[in-house]
Amino acid sequence: MPARAGAAPAVAMSLPEMGGRRASYRERIGEALRAAVITGELAPGKVYSVPVLAEQFGVSATPVREAMLDLVKEELVEPVPNKGFRVKVVSEAQLDEYTKLRELIEIPTTVALATTADPADIEALRPLAQAIVDAAAEEDLIAYVEADMRFHLEMLALSGNATLVETVRNLRQRSRLYGLTALMELGELEESAGEHLEILHGLLTRDPEYVRQVMELHLSHVRGSWAQPT
């Protein structure tokens with residue numbers, strides 16, 4: 001991790017594709033920065049300068065500053081006058097609370113889709129599930145987190161409850177998955193990535209209990225193997 005204020009992130013920053021849709025630099029940079037905060041590539045408590053981050057993306061400072069201000073509103077970072085932005089530290093107790101809420105919301109909602117969702121809509125999620133697996137194989141943590149976020153939110157959107165989706169989006173953005181780097185280095189991230197395809201299998205075969213088992217296992221990683229570096 002960077003050891004000084006404004007130091008470059010430990011990973012080369014690149015702009016995400018945003019699921020194939022057109023998006024502004026501000027949106028794309030914001031997605032990459034969120035993922036970097038979640039994975040710890042932007043280290044908690046560290047201060048990062050806008051010019052240094054802009055250099056990593058190969059863009060001007062303006063869209064980076066705008067994206068960081070969006071993250072301030074989301075309480076992921078805080079401004080440090082004349083220096084940049086500091087990544088907020090999240091306590092273990094807070095992370096436990098976020099995870100518990102996610103379990104209460106995501107598991108039953110996803111299980112219900114096994115009997116209510118249109119199979120065509122479920123099948124349409126397969127490219128995102130595969131993108132997660134591909135990102136794990138390519139050892140691209142930023143792409144992994146971005147694709148994982150899109151997969152779960154688009155899947156939950158099939159419930160027709162927009163407020164639920166926004167609530168989960170907020171909880172996921174507040175989560176921290178600092179153990180992903182260690183899993184990637186051990187070659188174990190692909191196994192977790194494959195669980196997304198298993199969720200689709202359970203939904204398409206109309207097997208609620210199977211979906212429940214996979215989702216419970218999947219979310220157990222959030223405060224387990226995905227949580228802390230090993």
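Biologist: Which residue, whose phi is positive, follows H3?
Modeller: This is a predicted model, and in it helix H3 covers residues 61–73. The residue with a positive phi that follows H3 has a value near 65 degrees, and this residue is Glu 75.

Biologist: How many Å does H3 reach from its first C-alpha to its last?
Modeller: Helix H3 has 13 residues, and at 1.5 Å a residue a span of 18 Å is expected.

Biologist: Within what arc do the buried residues of H3 fall, seen down the axis of the helix?
Modeller: Residues count as buried when their relative accessible area is under 20%, and in H3 this holds for Pro 63, Val 64, Ala 67, Met 68, Asp 70 and Leu 71. Seen down the axis, these buried residues line one face of H3, because they fall within an arc of 150 degrees.

Biologist: What percentage of the residues of the protein chain count as buried?
Modeller: The protein chain holds twelve helices and three strands. Taking the 230 residues of the chain, the share that counts as buried is 48%.

Biologist: Within what arc do the buried residues of H11 fall?
Modeller: Helix H11 runs over residues 195–204, and its buried residues are Glu 195, His 196, Ile 199, Leu 200, Gly 202 and Leu 203. What covers them includes H4 (92–116), H5 (119–123), H6 (126–137), H7, H10 (189–193) and H12. Seen down the axis of H11, these buried residues line one face of the helix, because they fall within an arc of 160 degrees.

Biologist: Is Arg 206 buried, partly exposed or exposed?
Modeller: Arg 206 follows H11 and is found in the loop between H11 and H12. Its phi is positive, about 55 degrees, although Arg 206 is not a glycine. With a relative accessible area of 35%, which lies between the limits of 20% and 50%, Arg 206 is therefore classed as partly exposed.

Biologist: Is Glu 139 buried or exposed?
Modeller: Glu 139 has its place in the loop between H6 and H7, and its phi is positive, near 55 degrees, in a residue other than glycine. Exposed means a relative accessible area over 50%. At 51%, Glu 139 therefore counts as exposed.

Biologist: How many Å apart in space are Ala 124 and Leu 200, C-alpha to C-alpha?
Modeller: Ala 124 lies in the loop between H5 and H6 and counts as exposed, at 55% relative accessibility, whereas Leu 200 is one of the buried residues of H11. In sequence the two are 76 residues apart. In space, from C-alpha to C-alpha, the distance is 9.9 Å.

Biologist: Which helices do the buried residues of H8 pack against?
Modeller: Helix H8, residues 162–174, should span 18 Å, and its end C-alpha atoms are 19 Å apart, which agrees. Its buried residues are Leu 164, Val 165, Val 168, Leu 171, Arg 172 and Gln 173. The helices against which they pack are H1, H4 and H7.

Biologist: Which element gives the most to the lining of the largest cavity?
Modeller: The structure holds two cavities of 30 Å³ or more, and about 130 Å³ of space lies in the largest. This largest cavity is lined by 14 residues, with Ile 38, Arg 102, Asp 148, Arg 172 and Leu 177 nearest its centre. Two or more lining residues come from each of H7 (141–157) and H12 (208–220). With four residues, the element that gives the most is H7.

Biologist: Which element gives the most to the lining of the second largest cavity?
Modeller: About 40 Å³ of space lies in the second largest cavity, which is lined by Glu 31, Arg 34, Ala 35, Ile 38, Val 145, Glu 146 and Met 149. The elements that give two or more residues to this lining are H1 and H7. By class, the lining has four nonpolar, no polar and three charged residues. The element that gives the most, with four residues, is H1.

How values were computed
Residues numbered from 1 in each chain as written. Predicted model: local features only at pLDDT ≥ 70, side-chain atom pairs only at ≥ 80, totals over all residues. Heavy atoms only, no water. Expected span 1.5 Å × (residues − 1). Buried < 20%, exposed > 50% of the residue type's maximum accessible area, 1.4 Å probe, protein only. Arc of directions from axis to C-beta. 1 Å grid on protein atoms, 1.4 Å probe; cavity = no way out; pocket = protein on both sides within 12 Å on 5 of 7 lines; lining within 4 Å. Points joined across faces, edges and corners; volume = space filled by probe spheres on them. Nonpolar A, V, L, I, M, F, W, Y, C, P; charged D, E, K, R; others polar. Contact = heavy atoms within 4.5 Å.
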